[in-house]
Structures are given as C-alpha cells and as structure tokens.
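Hi everyone, and thanks for coming. I'd like to walk you through a protein model this morning, so please have a look at the sequence and structure on the screen.

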Amino acid sequence: MKSVLFTFYIYLLVLVTFPIMFLIALLVWIITRPFDKNLFALQQVSCFWASLYTWLNPFWSVKILDKHKIDRKKVYVMISNHQSLVDILAIYRFFTHYKWVSKIENAKAPFSGWNMRLNRHVLFDRKSKSGIVKMINDCVERIKEGSSIMIFPEGTRSKDGNIQRFKEGAFRVALETKSPILPIVLDGSANALPKNEYIFRNNSKIIVKILDEVPYESFKDLNEKEVAIKMHDLISSELDKLRESRG
C-alpha cells in the first residue's frame, strides 16, 4: 500500500511539473538558441527538471561519487550500465553537458519527448540497420560540434541488475572521433523501479560512481568489439567492488 501511495505521489508530481518545466525549457531555448548552438543552457534546465524527482522524493537517495573526475572542458563518450529508467534521473544530477543517445520512441512522449528534440539528443530507430548507422553518424556530428554523448551500451535495461553484453556502437564513435571514454557505474536504481514495472518502490539508495576517463591512446589499436569487451569488464569489476563496499 505504501508503494502505491508513493507511486501516486510521483505520477502526480510529474503531471503537475511536466507542462511547467517544458514551458520554461522552451522559453530558454527561444532566448538562447541564436548564440548557444550546443544548447548548454537548455541542458542545465533539463538537468534541473530531471533532478526535481529525486530532490522532492523523501524515499530515494542519490549519491554521486567522484564527480570531480568529469572535466567539463573535455568532450567524452560517456557510458554507463543500465538498471532502470531512474538511471536517467540520477545521471542528470551531474549537471554537465552531453547529448543522450535514446530510442526514438522516447521522443514521442509529451513534454519530456519534446524537450529531447529541443536538446538535439541523438534519437534512433534501433529496429533497423540504417537507424543504427544514422545514430553513429549523429553521435560523431555532436562530438565534432563540442558535445559529449551519453549512452547505455547494453542497449536496454538489465532484468536482474547484472551487466549485459555491450553493443559496439558507442565504441565505434569513440574510435572514429578519437574521444576519451568516461565510464560510469550505477547501482540501486533497479530497486526503485524494476524493468517492466510501473509501481515505484520506496527506500532505495542509488549510487553513481564516475571512474577515471579512458584516454583514446589506451584503446586506439583495438577494434570496437575489443573496446566494448574491455569497457564491459571494467564496469562489471567496479560494480562488484561497489556492491562489496555497500555490504
């Protein structure tokens, strides 16, 4: 019963805030677009918007470790394991600049999807090969423009919290653009909202840890599949350490 009431509160909060925050985002976009080509200001509004749902949530805690490892002057291919939709809210708490890589279905949602299009996030059709090719080309374009990209290389949320095989697209982008990779480890969000469920759970402790960046020089002689395996092993190992430290 407590979870049902908590879920009602979250949905009510979304219902009230989505139209308001979208109008604010639209206004910021209109004002700043002529001189802010990469939409840095709009990204900050989006970070604030997403963070509201953890700030105004008495039952979830979000702890970000080693945030100082993000160099805001650098452009990264940012990657993370993926446990829940709540991951997105937690990563927005970085308040740093990047473009999400997301399936195009997410952009069809009212308000939040419209905001994704305003932000020029990379949207793709994962059901077609041409959609994947376009996604990679769009990621390369965003990086060349000066925006990092943020991608979940598993491609979908984990069913059991363990990390699935990494797809190679993100690493092809890193190799093609000679960009450093910023690995991120996330745990605890599956307890907040498991995959394919719509009832939020309370008393969830979410931890996000930013690892040391992986410079291009350290993987330039590998192919995208080899880089994917290397990053998968790194994040899996760090996830195990994070869980051990939590007890």
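**How the helices pack**

Let's start with α1 and α2, which are roughly antiparallel to each other (over 145 degrees in angle). Before I go on, a word on where this comes from: the model is predicted, local features need pLDDT of at least 70, side-chain atom pairs count only at pLDDT 80 or more, and totals for chains, interfaces and linings use all residues. Residues are numbered from 1 along each chain as its sequence is written, and side-chain values use heavy atoms, with hydrogens and water left out.

Helices here are DSSP runs of H or I with at least four residues, strands are E runs of at least two, and both are numbered from the N terminus. The axes of α1 and α2 come within 9 Å and cross at roughly 170°. An axis is a line fitted to C-alpha atoms, for helices over the stretch in contact, and angles run from 0 to 180 degrees between N-to-C directions. On the α1 side, the residues that meet α2 include Leu13, Phe18, Phe22 and Trp29, and their partners in α2 include Leu42, Phe48, Trp49 and Tyr53. By contact I mean heavy atoms within 4.5 Å. This contact has 16 nonpolar, two polar and no charged residues. For those classes, Ala, Val, Leu, Ile, Met, Phe, Trp, Tyr, Cys and Pro are nonpolar, Asp, Glu, Lys and Arg are charged, and the others, Gly among them, are polar.

In the loop between α1 and α2 you'll find Leu39. Leu39 has a phi near 65°, a positive value in a residue other than glycine. Most residues other than glycine have a negative phi. Is Leu39 buried or exposed? Leu39 is buried, at 0% relative accessibility; buried means under 20% relative accessible area, exposed over 50%, and partly exposed in between, with a 1.4 Å probe and protein chains only.

Phe111 also has a positive phi, near 70°. Phe111 sits in the loop between β3 (99-103) and α4 (112-118), and at 26% relative accessibility Phe111 is partly exposed.

**Around α6**

Now please find helix α6, residues 169-177. Seven of its nine residues are buried, so α6 is largely enclosed by the rest of the structure. Those buried residues are Gly169, Ala170, Phe171, Val173, Ala174, Leu175 and Thr177. What do they pack against? Their partners are β2 (77-80), α5 (129-145), β5 (149-151), β6 and α8. Just after α6, Lys178 takes a positive phi of about 60°.

Take α8 (residues 224-246) as one of those partners: its axis and that of α6 come within 8 Å and cross at roughly 115°. That makes α6 roughly perpendicular to α8 (65 to 115 degrees). In this contact, Phe171, Arg172 and Leu175 of α6 meet Glu224, Val227, Ala228 and Met231 of α8. The residues involved are five nonpolar, no polar and two charged.

Then there is α5, which packs with α6 at an angle of about 45°, their axes 10 Å apart.

Ser236 is buried, with a relative accessible area of 18%.

**The nonpolar cores**

Which residues touch the most other members of the largest nonpolar core? In this core of 41 residues, they are Met78, Ile91, Phe94 and Met150. A nonpolar core is a set of buried Ala, Val, Leu, Ile, Met, Phe, Trp, Tyr and Cys residues joined through side-chain atoms within 4.5 Å. The largest share of this core, eight residues, comes from α1.

Leaving aside neighbours within four places in sequence, Ile91 is in contact with Ser80, Tyr98, Trp100, Met150, Phe152 and Leu186. Apart from this core lies another, of 32 residues, among them Ile79, Cys139, Val140 and Ile143.

That's my tour, so over to you for questions!

Definitions and conventions. Angles under 35 degrees count as roughly parallel, over 145 as roughly antiparallel, 65 to 115 as roughly perpendicular and the rest as oblique.
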